[in-house]
Amino acid sequence: MPLAQYPSDLPLPQWSGYSGEARSGFKFIPMQSGHTRSRREHFSPPSPGKVEFMFTDEQMQRFETWHEDEINGGTDDFTITLRTDAGLVEHEVRFTDDYDVSAVPPNHWKVTASIEVIGEA
């Protein structure tokens, strides 16, 4: 079954709200001699990050409907375009927790969410 896509009619995450941290793909194994041996455990481990969206009232309703109906309340993986050092690149991601919503007067909504970037789609 193909992954759900983030709706093209909704704005992408704001760059000022996007942050991520690289995860090490290495595993260090202690040896009897006291030295450690390293090996590559993953070539592209998932990376946690935070994204921030700014929606109008109508866009917020669309996002909530998509979140509930198309990605099963946020439990399914989906694809979204994120800014990287290579430009705008489509990635497979998942929400790792419920998103937070705050009102921004007069009629906007700021949505902050924790995600896990699984890899390029």
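1. A salt bridge is a side-chain nitrogen of Lys or Arg within 4 Å of a carboxyl oxygen of Asp or Glu. By this rule, four salt bridges are counted. The model is predicted: local features need pLDDT of at least 70, side-chain atom pairs count only at pLDDT 80 or more, and totals for chains, interfaces and linings use all residues. Residues are numbered from 1 along each chain as its sequence is written, and side-chain values use heavy atoms, with hydrogens and water left out.

2. One of these salt bridges joins the side chains of R62 and E70, at 3.8 Å from N to O. A network of salt bridges links R62 and E70 with D9.

3. A salt bridge also connects D77 with R94, whose closest N and O atoms are 3.0 Å apart. This pair links distant parts of the chain, 17 residues apart: D77 is in the loop between α1 (57-69) and β6 (78-84), and R94 is in strand β7 (residues 87-95). Helices (H or I, at least four residues) and strands (E, at least two) are DSSP runs, numbered from the N terminus.

4. R94 and E116 meet through their side chains in a salt bridge of 2.5 Å, N to O. Because R94 lies in strand β7 and E116 in strand β9 (residues 108-120), the pair ties together parts that are 22 residues apart in sequence. R94 is partly exposed, with a relative accessible area of 28%, whereas E116 is buried at 13%.

Note on methods. Buried means under 20% relative accessible area, exposed over 50%, partly exposed in between (1.4 Å probe, protein chains only).
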